[in-house]
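Open the model in your viewer and switch to cartoon.

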Amino acid sequence: MEDFFATNNQQQVLNRIFSLNLGLLCILDIDGWFKMVNISWEKTFGYTAEELSHSNIIDYAHPDDHDATAFVFSELLQTSHRLTFSNRFRSKDGSYRYIDWEFNRHDSYAYVAGTDITHTKLSAAGLKAVRNQLETSNIQNELEDLCPIRQKILVVDDSPLNTKIMETALIDDYEVLISHTGKEALNICNSSDPPDLILLDVIMPEIDGYEICRRLNHSPKTKDIPVIFLTSLTASKDIEFGLTLGAIDYITKPFSIPIIKAKIKNHLALKYYQDTLKINTDVDSLTQIANRRRFDEIMTLEIKKAKRTGTILSLLLLDIDHFKFYNDTYGHLEGDSCLKKVAATLAATLKRPKDLAARWGGEEFTCLLPNTNTKGAQNVAETLRAAIQNLSIPHLSSPVNDVVTVSIGVVSSDPLDENSLDNLLKHADASLYHAKEAGRNQIAIWRDFASTI
């Protein structure tokens, strides 16, 4: 070996290596300008070494990959001696090939190896179809169509440099929040405006990424926020542990910005779809307030909370007076319009975020009032009754009033009687029946007549 280097200088060795029919090899300066390429470049892309000698690798990136490729040289390569990323590189005939790159920086140069992975991305037939489609139409990005709003990403890393790199890469497409501590990240996630996705470093001071993920996954409020670990821990056991805690993905450093962007886009599209589906299954399609399913879910949670904290939970059950007469007189289209107006009034009149108005079924509605005693519930019920009457929706066929009115049953739990929480619906229904029997367009409170039943 010593004899070999004694008879061959560094340039001769380099020339011989670059003359071999290997994968894509090149030397770039720190800004991306070609200094030397091997013969595989001409075979793969059609460019001779001379044609590439006065050009920059960034200029050959696909338009959609251009910014990410430029970011590698402007930011990442300045701080990392080794990194990998993928992009699409333009061939001499104008087509693009998918390339996996590995960069190793030394002083002011980058020694680069590339692998053509086009065949794993597109079949020959698929590539032809894509080309034909690109030539004949403007393809809309389906994921962007699916996510019409600007989604929010929380980047959690104790390194300001790392968070700045991710913010720079993502800020054009997303709203980016930055956190350098686990405690701050948890506060953001539990706020009234949580992120849609979290990029989370594992190695953090005080609270590490694994513990943050575990806490998020165990909280009903944050368990549906997707978490992607972004870390230098590459052992299989580390990846497996992160995924078992509830993370949806695990990206190891050094990372590829295009790959991160693609994964983020895919996960956010899925998150948006799931959120939309959840909204659709929780909202009454006609009135656009919570449906029976959502009410049952929230009431179960509030009952558990009231039992745990010893607080009072109140429930209102409302019924539109003589609604059958209304439909018979004005028709079902007007009936639907009436239901919508009543529902909107309920939702607008309830002021506290924890209060819930829901459609119980037909012309019946319900309101759940956490941490509210009987007097407070009575005041809310009377306010709702008056607000609906003040809508002045004509109801000339009603024996009660010439406008639409409601009857309301009111019940509150008794902290001294744990069973009262489980009987709320039963007692609310009995209260509503009592209000109707007493002449309608009024409220009836369970405690006022419970002893007579």
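This tour of a predicted model visits a strand, its pairing partners and then a helix.

**Stop 1: strand β14.** Select residues 406-412. This is β14, and seven of its seven residues are buried. Show the side chains and check each face. Val406, Ile408, Val410 and Ser412 lie on one side. Ser407, Gly409 and Val411 lie on the other. Both faces are covered.

Stop 2: For a landmark, pick Leu317: its bridge partner in β14 is Gly409.

**Stop 3: strand β15.** Centre on Ile408, which stands opposite Ile443 of β15.

**Stop 4: helix α19.** Select residues 424-437. The helix has 14 residues. From first C-alpha to last, α19 reaches 20 Å, close to the 20 Å expected at 1.5 Å a residue.

Which residues of α19 are buried? Colour Leu424, His427, Ala428, Ser431, Leu432 and Ala435. Now look down the axis of α19: these buried residues fall within an arc of 140°, so they line one face of the helix. An α-helix has 3.6 residues a turn, so residues three or four places apart point the same way.

Turn to the other side of α19. Lys426, Tyr433 and Glu437 are exposed there.

**Last stop: Gly439.** Step past the end of α19. Gly439 follows the helix, and its phi is positive, near 125°.

How values were computed: Residues are numbered from 1 along each chain as its sequence is written. This is a predicted model: local features need pLDDT of at least 70, side-chain atom pairs count only at pLDDT 80 or more; totals for chains, interfaces and linings use all residues. Side-chain values use heavy atoms; hydrogens and water are left out. Helices (H or I, at least four residues) and strands (E, at least two) are DSSP runs, numbered from the N terminus. The expected span of a helix is 1.5 Å times one less than its number of residues. Buried means under 20% relative accessible area, exposed over 50%, partly exposed in between (1.4 Å probe, protein chains only). The arc is that of the directions from the helix axis to the C-beta atoms. Two strands pair if DSSP finds at least two bridges between them.
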